[in-house]
Amino acid sequence: MIAIFLACTGISSRTAHAAPYYVTVAGLGGEPDFEQRFTALASDLDKLFKAADASAHVTTFTGTSATKAHLTDTLAQIARDAKPDDAFTLILIGHGSYDGEEYKFNLPGPDISGDELAVLLNRILAKRQLIVNTTSASGGSIGALQRAGRIVVAATKTGTEKNATVFARYLVDALRDGSADVDKNEVISALEAFQYADRKTAAFYETQKRLATEHAVIEDTGKKEAVRTANAESGEGLLAGSFALLRIGSAQKAASDPAKRALLEKKEEIEQKIDTLKYQKAAMSADDYKRQLSAALLELAKVQEELDK
Amino acid sequence: MNRRPTRRAKQLFFCAAVCVACLAGAHIASGAAPDDCHALRKHGHRAEAQKCYESLTSARDPYLRAEGYWGTGNYQEANNQFRIAVAASPANPVIRVRWGRLMHERFNNTDADGLFKEALEKDPKNAQAYYGLALVSADGFDNKAIEFTTKAMELDPKLYEAHELMADLMLEDSDQAKAFAEADEALKISPEALDAMAIHAAIEVLNDRSPDAWLEKIRQVNPTYGEGYALVAHHLVFNRRYEDGIAYYRKAIEADPQLWSARAQLGINLMRLGQEDEPRKQLEMAYNNGYRNEETVNTLRLLDSYKNFVTFKEGNTILKLQKKESDLLRPYYDAELKRIMDTYNKKYKMALPGPVQVEVYPDHEDFAVRTMGMPGLGALGVTFGEVVAMDSPSGRPPGQFLWASTLWHEMSHVYILTATNHRVPRWFTEGLAVHEETEASPEWGDRITPDVVAAIQEKKLLPVADLDRGFIRPDYPNQVLVSYYQAGRICDYIQERWGADKLLDMVHSFAKLTKTPDVIRQELGLAPEEFDKEFLLWLDKDVGQTVANFDKWRAAVKDLVEQAKNKNYDAVLKQGEEVRRMYPDYVYPANAYEFMAQANIAKGDKKAAVAILAAYEKIGGHNPPALKQLASLEEELGNPAEAAATLDRLNYIFPEDEELHRRLGDLWFAEKKFTGAIREYAAVVALQPLDKASAQYNLARAYFAAGQKDQAEDHLLASLEAAPDYRPAQKLLLQMKDSDEGNKNEGK
């Protein structure tokens, strides 16, 4: 459904990209077990982001370095450096709290509130921003963080889901597991990562026969309620589907080869044709749809074969 | 819980004493006393009884008003009046007892229990309060029911209802002689003890004799006493004679069309035989007339949930699965049912006369509805004649449940109930079913758990002649589980010593209603006591070491956990071996096998890890992560066939695992076992993974490799529809196109 939605609006995650900015913060664990877990997850993300794109600006804070001051300085620096075409991602791992009015991300030393974070993020010029708050009570931060052009993902539906979360674990898995790339375009979008982590989180509680104490949500319009399911119906997910969180293949290499430009244009054209077909599926006979889709897919496969030569 | 609906409708004739002793001077408008009303009702004079109760509702005394409202069916107002009555006479235990009885009748055993206990605080020698506690305990098959009933009889030897209850409990415990004697005792005290007559009738029916004489006696006292038939029905159902039980519930309703409890039970038992329409009608009728106990309400809810199920009829099987998991589970259940029926047809030398229906519930609460009001565990599966209801593998955390083992267990019941026309003692059919689990697959079936070891150590195993009691009314926690183990081992022992055919001979003897002691004597040539002695000697040879080492093992395993926690791998390996030797069957959490495997892996000895995990699997370990690790190690060490076999065994434990099916599919695909690969990849698709493209692609390539091109095309299209740029699928598409072209050219 999302693919159709995207096709119709002409936004594609295949767009060439500038060097992305990634900031990951593992907050205060409180207990050695949590401390260790949060640090490990942040370190994994650090490695993944660096390995995927050598030009990426990756900053990761763990343990005692994860202070409000360091985070503030880093976000201020990015606000100075980042251009409007850049992509910016902030991932918060750890514990959060919500008193009914204000969300706070727990850090060694003073905590940082959702409003304080929002002020810092609003200064960053990058038009495409992704904030993934995986902490407990992270749902309480959505109101402060949401803004046009910004995707906000929270591990909990509201600020009142206060138990420690497992969402971050599966977010990291999403970036490690190629199966998260459901459209197989070699890019794990923010939406794909969200859906993967959400599904795995739900499966965790289900198989353990435990009452689920976290329900991840996403908001990317900047003005609506965050939703559990992003699709055309909810009007959410459009931006997240086009936000490349991690590139896992060589798709971008072909774009820089002038000899293959014509083939790439042809490929793009067929892909749009397929998207249109899928959009019209309900209005077509099953046989006609199958015939046309098969033909288009075959054509696309042949073009890809040429591109791969 | 509503186990004995008949008892709720009964009114005890003791309040006259209350009226005289405690409520002296109370003004009764019409001059009627509750006992008068109860007597009219007992003799079937309903209209007069109704008038009598109505007259009580205008009495000045709230207690009498409570009895009046209760008698007219206005339970809410009766409850209000009891509250007022207790407030007015706080020291009076009898009002509390009667209020407790109302609560018990209206499905609130918690409050009933509290009121009976409060009454005993006021009067520790109150027989009626003990009788009330016995009723509450009996509903939950609590052994205290017998204790409370005995106490009530001691305190009031004339309390014939207590003897009736004792007869009822004894009959549930399969002690017909005691049940007979207690029923007679009740009749000596009160020749009009209707339930005592019904117990006599039930004993006759259970022995395939005519109950007519007793039923006629009931009719002479009260021709509309449907409760009598319902009590007979209860005991028939209790003995798994569902169709006979249904016939008696119908008789109960014929005698008293407003006996809503019987209608509810009729509905529930018809459902047990796989019906839906009449059960709904009967249950709704009961519900709409205010009979809303937990069993009725939950069963109606379950019926509503059936819209989410799908039924597959094939050959001699009907499989009912929830829609969401039907695509995943059906191939596994179909194959296993076929294997089971082929095996049992040969083994039991019979074929089932009709189709067997297997219902699989992913929500344990739905399954639990099917076992409400029944004794025993009912934890994983239950059999009603030719209908089996069981938990889905998804209904439990992974590793807690071997669904296939349970299916073999329940299907054994189906055969044995059919072979004996439902005339088989509980211990034998359960024991044989447990025995069959291990026969089907040595790593299935019950292992000796610490509870069982402790029971053997404390000499708590029951004599074979009394073993039924361990299933129905346990004396100590976990006695039901211990009894399952014991019954299973008894069948193992019989097979080992006398041969498998002897078990079948015993089935036929039980079918002739021969009692356990006589079957043991006739078929095995031993007195039951002698059999018990020899069985214990045999069991001791097998598990004696474990029992003897139990206390030592407990201490050692504690130390092993510490060593593992501290990563002292050499110590883990050394002590683990010793712990394992002391209690090899211990495969539950914190077992030596898994600790040793982790230690081996930490020390880089993968071969040793495989050996210990293989031993764990063989002896019955079924923790999915441990078995998956075994498969990974087997694959790493170059044994893909063993890895595949290990993963395939996991299918019988927790098939709701996408990764398992992907891995097994890949292994079988690589081994060119395409049929198996298709099944596994289809399971991945059935689990509706996020990554549809690769799931559909894998299935397509397996079909293509198996030469099933049409299916391959469909799944490949589904893959590329989800991800048009998916390279492996694109390549397969081109390959299939080339193959088409090649075929066309060859055809020219």
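Author: Buried means under 20% relative accessible area, exposed means over 50%, and partly exposed covers what lies in between (1.4 Å probe, protein chains only). Helices (H or I, at least four residues) and strands (E, at least two) are DSSP runs, numbered from the N terminus. The model is predicted, so local features need pLDDT of at least 70 and side-chain atom pairs count only at pLDDT 80 or more, while totals for chains, interfaces and linings use all residues. Residues are numbered from 1 along each chain as its sequence is written, chains are lettered from A in the order in which they are written, and side-chain values use heavy atoms, with hydrogens and water left out.

Start with α35(B). Its buried residues are A643(B), A644(B), T646(B), L647(B), D648(B) and L650(B). They pack against α33, α34, α36 (658–670) and α37 (674–686) of chain B. Contact here means heavy atoms within 4.5 Å.

Now take one of those neighbours, α33(B). This helix runs over residues 606–618 of chain B. Why does its length agree with expectation? At 1.5 Å a residue, its 13 residues should span 18 Å, and its end C-alpha atoms are 18 Å apart. The expected span is 1.5 Å times one less than the number of residues. A609(B), V610(B), I612(B), L613(B), Y616(B) and E617(B) are the buried residues of α33(B). Their packing partners are α31 (569–582), α32 (592–602), α34 (624–636) and α35 (640–650) of chain B. Just past the helix, G620(B) takes a positive phi of about 115°.

A salt bridge is a side-chain nitrogen of Lys or Arg within 4 Å of a carboxyl oxygen of Asp or Glu. R581(B) forms one with E578(B), with the closest N and O atoms 2.8 Å apart. Both residues lie in helix α31 of chain B, three residues apart, about one turn of the helix. R581(B) counts as partly exposed because its relative accessibility is 47%. E578(B) is also partly exposed, at 34%.

Elsewhere in the chain, D208(B), R241(B), D244(B) and R423(B) are linked in a network of salt bridges.

Next, the meeting of the two chains. Here 30 residues of chain A are in contact with 27 residues of chain B. The buried area is about 2400 Å², and carbon and sulfur atoms give 60% of it. That area is the accessible area (1.4 Å probe) that two parts lose on being put together, summed over both. K184(A), R199(A) and L297(A) supply 23% of the area that chain A buries against chain B, more than any other three residues.

Five salt bridges join chain A and chain B. One of them pairs E721(B) with K281(A), with 3.0 Å between the closest N and O atoms. K281(A) sits in the loop between α10 and α11 of chain A, and E721(B) in helix α39 (residues 709–722) of chain B. K281(A) is partly exposed because its relative accessible area is 38%.

The most come from α11(A), with twelve residues. The side divides into nine nonpolar, six polar and 15 charged residues. Asp, Glu, Lys and Arg count as charged; Ala, Val, Leu, Ile, Met, Phe, Trp, Tyr, Cys and Pro as nonpolar; the others, Gly among them, as polar.

Two of these chain A helices are also tied to each other. E299(A) and K273(A) meet in a salt bridge of 3.8 Å, N to O. E299(A) is in α11 and K273(A) in α10, 26 residues apart. Both count as partly exposed, E299(A) at 27% and K273(A) at 44%.
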